[in-house]
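Subject: Structure handover

Hello,

Here is the structure I said I would pass on. My notes on it follow below.

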Number of protein chains: 2
Amino acid sequence: MKKRYRNGEIWDFEHEIGELGNREVILGLDGGTTSTVCICMPIFPFSDPFPDPLPVLARAVAGCSNHNSVGETAARETLEQVMADALLKSGSNRSAVRAVCLSVSGVNHSTDELRVLNWLREIFPTHVKLYVQNDAVAALSSGTMGKLHGCVLIAGTGTIAFGFTEDGRQARAAGAGPVLGDWGSGYGIAAQALTAIVRAYDGRGPVTILSSNILQTLGLSSPDELIGWTYADPSWARIAALVPVVVSCAEAGDRVAHEILQDSVEELALSVKAVVQRLGLCGEDGKASFPLVMVGGVLEANKRWDIGKEVVNHISKSYPGVLPIHPKVEPAVGAALLGWNFLMTESQKEAYKR
Amino acid sequence: MKKRYRNGEIWDFEHEIGELGNREVILGLDGGTTSTVCICMPIFPFSDPFPDPLPVLARAVAGCSNHNSVGETAARETLEQVMADALLKSGSNRSAVRAVCLSVSGVNHSTDELRVLNWLREIFPTHVKLYVQNDAVAALSSGTMGKLHGCVLIAGTGTIAFGFTEDGRQARAAGAGPVLGDWGSGYGIAAQALTAIVRAYDGRGPVTILSSNILQTLGLSSPDELIGWTYADPSWARIAALVPVVVSCAEAGDRVAHEILQDSVEELALSVKAVVQRLGLCGEDGKASFPLVMVGGVLEANKRWDIGKEVVNHISKSYPGVLPIHPKVEPAVGAALLGWNFLMTESQKEAYKR
């Protein structure tokens, strides 16, 4: 069983850090439904481009920090623990922290944001700058190196498109889960494939090699058994895990699998186009360039049938200025860079006032 | 709390029935996930058509008897209790029973059937004929007055098409639940409508009056709140309950609602056509007549936008011999008629042997 810390014990290590803790740092957190990652990055001077590789002092990992999933107390404890771990590993303490940028799933409203800000405020001294965002924001930032401009498309088990303009407007599309039309997601692709098996079996749809390939993967002997398998466990990730089988069937020339992937491409492209359109990221003539950060297993497959590449092709027909980016750093680093960027912007403003 | 009977107590009333219990009866049961109905019908002599109204001695109602939902012990107790209630109300006892025909949801395999037959065998004397079927069979029989020939289309929260030939072959289509493509069901219609609201809101789909009408019905103030509402409760029936709102929007001329209903019509027709095709119910020339029994809230709406009527129109383009039937009796009566039919057939066979 996971050891439960009493509040305070988490930070006991700080007494032993002493003067080492004087190097100023930023904490970047990516809090997902599966795991939470915290990066401790030193403050580095402004440069364009950023130093490569980026200076990272420490990386800590913990479990789920989505308050909708595990409850507020557990979510808060996970976040506090993972930040303490990252500081301990980097030989720092809270007084060395200049900023915390926390991107966490389940933060959808300003009330969620405020609640998380209040937790953080209790943990850190008042001089520490605190930023709280939805987890899509860290994903965007991991591709744009900390700039909130452009669009991010996430397609893993679920899918969402999230965009920002340089003047701070934002928009999203999809991200409403499988019942509410996230058909382009990994779950959507796999559920369509399972459906195709049932339809081929009962005479409503064409024969497909998805039947034999998926049943074999699941260790089932007949499509009849799919119903029991499907409803035995409500986990969306378990169904989405079948995406690679669908891709390999499409690569083998299966028409049904090909059409499922093609539909997914259109759905994902539609989400991006809706965000680009609403924010005017493409400029007035529709041809301005904008970054499109692409994140998640569905887009990273990089096989012969390359869903991510097809999505970009589709979008570029409407918006030729799309600049696809496959991030080289993880979202927690994106969050740290975002924190760094916020800090730099605020310093510039303060310098300007003087 | 429901009183729990010890096995045996259920049948205590029989000591007091005495000679009244000599009139021979049939029990017909329709066991669903919501409720279970048992009809006690006297044996009546063969006549074509049947006497109208049909002689029904008693009707008893109990809760869920789907063993997948409530477990085997509770399901068995519910079935036993509802049969005892029907016999008590009709002034009969078990020695008066000639046949029991039990149509129950959750019976999909011969192993399910055998298990239920074994329960029934423990309850009734050996001379009683026992028949166990899936609940779609009682629905068919309620329209064909006990004959297992033709096709039944059920479209309520879920949907299934089930068909039989006179020589005993059977086939089904759909009935695999919402993840596996039951798009024509009440759940399917309503989920598409909720999806249309999200898509209109984030710029992926056209504006629709479904947004205002459904949000008002649910007491929500913004499409943002739909996500929370949708995943707060996994009940499919709760979502399917929105079908009448979709129908009224289509009747008011809303294009999006109209297309959702049109898709549902095509899906439901496709299920029936797959069954008809596989069983050859339409004859070799595709023009033979066959009964299509139509059951469930989606098909019974009988409004200006009449889904059931459109489904029949659609099917008749391929199979002009389709004879739609809206049953006048409930499925439990269908089960009793089926039991009566089985009995008559067996008597004829025995008479022939002599």
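Two salt bridges are found across the interface of chain A and chain B, a salt bridge being a side-chain nitrogen of Lys or Arg within 4 Å of a carboxyl oxygen of Asp or Glu. A:Arg199 and B:Glu267 form a salt bridge through their side chains, at 3.0 Å from N to O.

Please note that this is a predicted model, in which local features need pLDDT of at least 70 and side-chain atom pairs count only at pLDDT 80 or more, while totals for chains, interfaces and linings use all residues. Residues are numbered from 1 along each chain as its sequence is written, chains are lettered from A and ligands numbered from 1 in the order in which they are written, and side-chain values use heavy atoms, with hydrogens and water left out.

The interface: chain A and chain B each bring 34 residues to the contact (contact means heavy atoms within 4.5 Å). About 2,600 Å² is buried between the two chains, with 62% of that area from carbon and sulfur atoms; buried area is the accessible area (1.4 Å probe) lost when two parts are put together, summed over both. On the chain A side, A:Leu180, A:Arg204 and A:Tyr231 lose the most area to chain B, together 27% of what that side buries. The copies meet through the same surface, because 97% of the interface residues of chain A are also interface residues in chain B.

Strands are DSSP runs of E, at least two residues, numbered from the N terminus, and two strands pair if DSSP finds at least two bridges between them. Strand β9 (residues 290-295) of chain A pairs with β10(A) in the parallel sense over four bridges, and A:Leu292 has A:Pro324 in β10(A) as its bridge partner.

One residue in chain B: B:Thr165 lies in the loop between β7 (159-164) and β8 (170-174) of chain B.

Regards
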